[in-house]
Amino acid sequence: MAMRIWISLACVLSAWCVSVDAQTIKTVPFKDGVHAYAVTEPEQKARAILVMFIGGDGNLNLVQRGSLSGVNVLIRMRPALEAAGMKLLYVDIPDRQFSRSDAEYARSVGKMIERENSEKLPAFGAGISRGSISAANVA
């Protein structure tokens with residue numbers, strides 16, 4: 001019984017702290033700076049693109065860290081979404097002053113989608129909390 005509990009706990013903890021290995025950090029121009037995003041690919045041919053916006057201030061620190069990491073639910077969902085054939089774009093905050101609801105921010109994310117969608121796949125936005133403002137603006 002105790003062994004089953006430890007195995008269950010190990011499974012839960014491994015799902016909580018997702019390892020995010022295969023990714024590419026890219027940028028698009030934004031005002032006189034850049035707007036970074038992380039791209040992850042499914043193992044099989046992508047069926048769609050899912051653009052992810054985390055909540056709070058939206059800061060993933062992609063440029064500073066050089067990788068995507070964290071315990072945000074959208075990051076933890078990555079393995080399941082990739083298994084479903086989703087190409088994922090995790091949008092960071094621009095390095096200049098911005099508003100999630102302004103047109104320039106939406107154009108910047110539009111450039112990301114255009115750059116990553118050479119196959120003309122369906123593209124969807126997903127946001128958690130304040131990230132939903134970004135998702136609605138880009139849609």
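Residues are numbered from 1 along each chain as its sequence is written. Because the model is predicted, local features need pLDDT of at least 70, and side-chain atom pairs count only at pLDDT 80 or more, while totals for chains, interfaces and linings use all residues.

Q: In what order do the strands of the open sheet stand?
A: The sheet has five strands with mixed pairing; strands (E, at least two residues) and helices (H or I, at least four) are DSSP runs numbered from the N terminus, and two strands pair if DSSP finds at least two bridges between them. Strand S1 (24-30) and strand S5 (123-127) are the edge strands. The order is S1-S2-S4-S3-S5.

Q: Which residue of S4 is the bridge partner of Tyr37?
A: Strand S2 (residues 33-40) and S4 pair in the antiparallel sense over five bridges. In S4, Tyr37 has as its bridge partner Val91.

Q: Is Gly85 buried or exposed?
A: Gly85 is found in the loop between helix H4 (78-83) and S4. Buried means under 20% relative accessible area, exposed over 50%, partly exposed in between (1.4 Å probe, protein chains only). At 0% relative accessibility, Gly85 is therefore buried.

Q: Which strand gives the most to the lining of the largest cavity?
A: A cavity is a set of points on a 1 Å grid over the protein atoms alone where a 1.4 Å probe fits but cannot get out, and lining residues have an atom within 4 Å of a point. The lining includes Val91, Asp92 and Ile93. With three residues, the strand that gives the most is S4.

Conventions
Heavy atoms only, no water. 1 Å grid on protein atoms, 1.4 Å probe; cavity = no way out; pocket = protein on both sides within 12 Å on 5 of 7 lines; lining within 4 Å.
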